[in-house]
Amino acid sequence: MNSESHQPAPLLTEEDFRQKHIRSFVKRRGHISKAQERAVEQGMPVWGIQYSATEPIQFETRFGRQADNWLEIGFGMGETTAKIAKAHPAVNYLGVEIYTAGVGSLLKKIGEEDIHNIRIISHDVVEVLRDMIPDSSLSRVLIYFPDPWRKARHHKRRLIQPEFISHLCKKLKPGAILHCATDWENYAMHMLDVLQGEPLLKNTASGFAPRPDTRPLTKFENRGLRLGHGVWDLVFERVSS
């Protein structure tokens, strides 16, 4: 293990987690196209779910059926999200993304590709998990290429931390899969330490996992692979408590 390996820290109390967390993002006004703005205006009333601090999601009502519930955290511009949802039409697919341009991009794809099994929340995922996701309701969680916060002084902003994973595990059914991927080696080692340190998770591989077929390659990733950049996948299973 390298010298920057994660060292476990005491977990936050439930009250601390509810009231205090370091955000893993910085909300800036980025560029958003007119087409993305229109997609948000027209699509969010149809496919969006408004964040609520007091009303947990009723998945059967929101999707109009009972099915496995998958959650993708931070779907970026939605390229992978659309591909996965189309490949698994029997799944209730919930995507959470804070950036409006990404939300608009995915909503545009939903309209163009006639995808019906995606719902979107545009809000801080820590608060969404805390307030809206019922315990033991998720069959799969996908966290692909979260911000690695490369500078050491910013590592505390990384999403994958012991406290976050501990609370995320409460939302997973026994047997559910947590799949993370990153193209930043230091963050990959940090993720591996954190996930292996969570008693409610077991690694499905000996260390890092081969990329599952369920995670499509993006244009960005293909370009990186051609340049010799690495990508690390971690696939863990939620065990019975």
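Select Lys171 to begin: in this predicted model Lys171 counts as buried, because its relative accessibility is 10%, which falls under the 20% limit. Asp135 lies in the loop between α6 and β4 while Lys171 lies in helix α7 (residues 162-171), so the pair ties together parts that are 36 residues apart in sequence.

Next, select Asp233 and Arg215, whose salt bridge brings N and O atoms to 2.8 Å. Asp233 is in strand β7 and Arg215 is in the loop between β6 and α9, so parts 18 residues apart in sequence are tied together here. Asp233 is buried, with a relative accessible area of 3%, and Arg215 is buried as well, at 1%. If you also show Glu221, you will see the network in which salt bridges with shared partners join Arg215, Glu221 and Asp233.

Stay with strand β7 (residues 232-238) and move to Arg238.

Finally, colour the largest nonpolar core, which has 37 residues, and find Val141, Ile143, Phe164, Ile165 and Leu178, the members that touch the most others. Helix α8 (residues 185-196) gives the most to this core, with 5 residues. A second, separate core of 20 residues includes Val40, Trp47, Ala82 and Ile120.

Notes:
Residues numbered from 1 in each chain as written. Predicted model: local features only at pLDDT ≥ 70, side-chain atom pairs only at ≥ 80, totals over all residues. Heavy atoms only, no water. Helix = DSSP H or I, 4+ residues; strand = E, 2+ residues; numbered from the N terminus. Core = buried A, V, L, I, M, F, W, Y, C linked by side-chain atoms within 4.5 Å. Buried < 20%, exposed > 50% of the residue type's maximum accessible area, 1.4 Å probe, protein only. Salt bridge = Lys/Arg side-chain N within 4 Å of Asp/Glu carboxyl O.
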